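Good morning, and thank you for coming.

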Amino acid sequence: MKVLVVGANGQIGKHLVTFIKDSEKLEAKAVIRKQEQASYFEDLGAETVVVDLEQGIDDIAKAAEGVDAIVFTAGSGPHTGKDKTIMVDLDGAVKTIEAAKQAGVKRFVMVSSFDTRREAILEASSSFAPYVAAKHYADAWLRSTNLDYTIVHPGGLTNDKGTGKVEAATEVERGQISREDVASVILGCLEDKTTIGKEFQLVGGDTPIKEALKSI
């Protein structure tokens, strides 16, 4: 299975491409925004393609040609304004979903926010609410398609070493999880067809990842 990793230069994306490189069943195609980001992935033996998510659907669909799955783990980042949140976290996600449909790619894994329900938007701080709203509508758009989707809702992200153990369910108590473990969970979703049509919250825990995904 060839996987298009959108947002590959992010921390979760880099972990994921590394894990895919070590997988016998998967290969990665890394979407990067700047050519100077390519060397990291080329050193891993991964194919790269330069696409800015503010470009059109056709550009993203062209990058998706010949792949079997798409992982959307891109984000505008915490230091950008509301405009970039709309253009990347919402519009970029929706365009990637539409590009998947255009390119005939059925499998789609979305990395979302921990809680994107309507109530979470209302309860979020004024600075965080636009991000939650963007994720809310991107998730809703994906659910409305006939794609084989999985939506992952990770808790607070850390740079700790992954443990390979998590807690995953429709609803879990808010907590933290390492970016490395999130990447491992994404890999597990790609390898486990039973996660298709599922979405779940995810934090650090005591259950091995493969077992946790089977229980969702």
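How many aromatic pairs does the count come to by this rule: rings of Phe, Tyr and Trp (its six-membered ring) pair if their centres lie within 6.5 Å, with planes under 30 degrees apart counted as stacked, over 60 as edge-to-face and the rest as tilted? The count comes to 2. In one, the ring centres of Tyr 40 and Phe 41 lie 5.1 Å apart with planes at 80 degrees, so this pair is edge-to-face. The other joins Phe 128 and Tyr 131, which is tilted, at 5.4 Å centre to centre and 35 degrees between the planes.

The model is predicted: local features need pLDDT of at least 70, side-chain atom pairs count only at pLDDT 80 or more, and totals for chains, interfaces and linings use all residues. Residues are numbered from 1 along each chain as its sequence is written, and side-chain values use heavy atoms, leaving out hydrogens and water.

Is Phe 41 buried or exposed (under 20% or over 50% relative accessible area, partly exposed in between; 1.4 Å probe, protein chains only)? At 0%, Phe 41 is buried, whereas Tyr 40 is partly exposed at 35%.

I turn now to helix α4. Helices are DSSP runs of H or I, at least four residues, numbered from the N terminus. Just after α4, Gly 104 takes a positive phi of about 75 degrees.

Terms used. Helices (H or I, at least four residues) and strands (E, at least two) are DSSP runs, numbered from the N terminus.
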